[in-house]
Amino acid sequence: MITLELVKCSGCSRCEVNCSFFHSGKIGRSGARIKVVKIEDIGVDYPVVCQQCRERYCTKCPEKAIDIGSLGQVIVSPTLCTACGTCEVMCPIGAIELYEEIPHVCDLCGGDPRCVKACTLDALHYEPNVSGVVGLKEFKKASPGLTPEEKRLRYVMKSAEQLRQNWLAERRC
């Protein structure tokens with residue numbers, strides 16, 4: 001699983017660029033499997049990537065085109081996938097998005113995530129033996145009808161608020 005130390009993230013988007021280039025040979029945000037959400041009002045830059053959630057909503061694919069690999073990563077079969085968009089709709093945090101008729105979701109780069117390697121500020125970390133510990137039920141309840149971008153924004157706002165609450169609690173001690 002890829003984890004984030006938010007206080008170290010500068011929002012440079014190196015993670016997005018390297019992810020996109022590794023997977024497509026092109027540089028561009030839309031080809032990336034990790035998306036940096038920038039919220040200027042509160043000064044937060046937060047990369048959103050598949051959390052290898054406990055629920056595995058993406059595996060509800062009607063074509064059985066999505067499987068979970070040995071690293072806990074999401075694997076999309078290009079021969080079975082019909083680009084129906086079910087996986088995109090089912091992901092409660094917007095970590096799956098169809099781009100050029102292909103579901104883009106983190107595959108952990110085969111165990112060597114390029115986004116983590118590209119993060120010179122050490123904000124991203126790869127924990128290979130962690131999977132299925134994050135529950136996303138609360139986000140799933142609030143996600144019907146939202147676009148992947150809207151889901152990512154909701155996820156980041158909630159996560160940032162939780163971090164703020166934790167920080168305030170620590171300051172009181």
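Biologist: What does helix 5 give to the lining of the largest pocket?

Modeller: Helix 5 gives the most, with 12 residues. A helix here is a DSSP run of H or I with at least four residues, numbered from the N terminus. This is a predicted model, where local features need pLDDT of at least 70, side-chain atom pairs need 80 or more, and totals for chains, interfaces and linings use all residues. Residues are numbered from 1 along each chain as its sequence is written, and side-chain values use heavy atoms, leaving out hydrogens and water.

Biologist: What makes a space a pocket?

Modeller: On a 1 Å grid over the protein atoms alone, a pocket is an open set of points with protein on both sides within 12 Å along at least five of seven lines, and lining residues have an atom within 4 Å of a point. The largest pocket has a volume of about 570 Å³, the space filled by probe spheres set on the points. Among its 22 lining residues, Leu-6, Ser-159, Ala-160, Gln-162 and Leu-163 are the closest to its centre.

Biologist: Why is Cys-119 called buried?

Modeller: Buried means under 20% relative accessible area, with a 1.4 Å probe and protein chains only. Cys-119 has 19%, so Cys-119 counts as buried.

Biologist: How do you know how many disulfides there are?

Modeller: A disulfide is a pair of cysteine sulfur atoms within 2.5 Å, and the count is 0. The sulfur of Cys-9 lies 6.6 Å from its closest cysteine sulfur, in Cys-15, so that pair is too far apart for a bond. Cys-119 is in no disulfide either, as the nearest cysteine sulfur, that of Cys-12, is 6.3 Å away.

Conventions
Buried means under 20% relative accessible area, exposed over 50%, partly exposed in between (1.4 Å probe, protein chains only). On a 1 Å grid over the protein atoms alone, a cavity is a set of points where a 1.4 Å probe fits but cannot get out, and a pocket is an open set with protein on both sides within 12 Å along at least five of seven lines; lining residues have an atom within 4 Å of a point. Helices (H or I, at least four residues) and strands (E, at least two) are DSSP runs, numbered from the N terminus.
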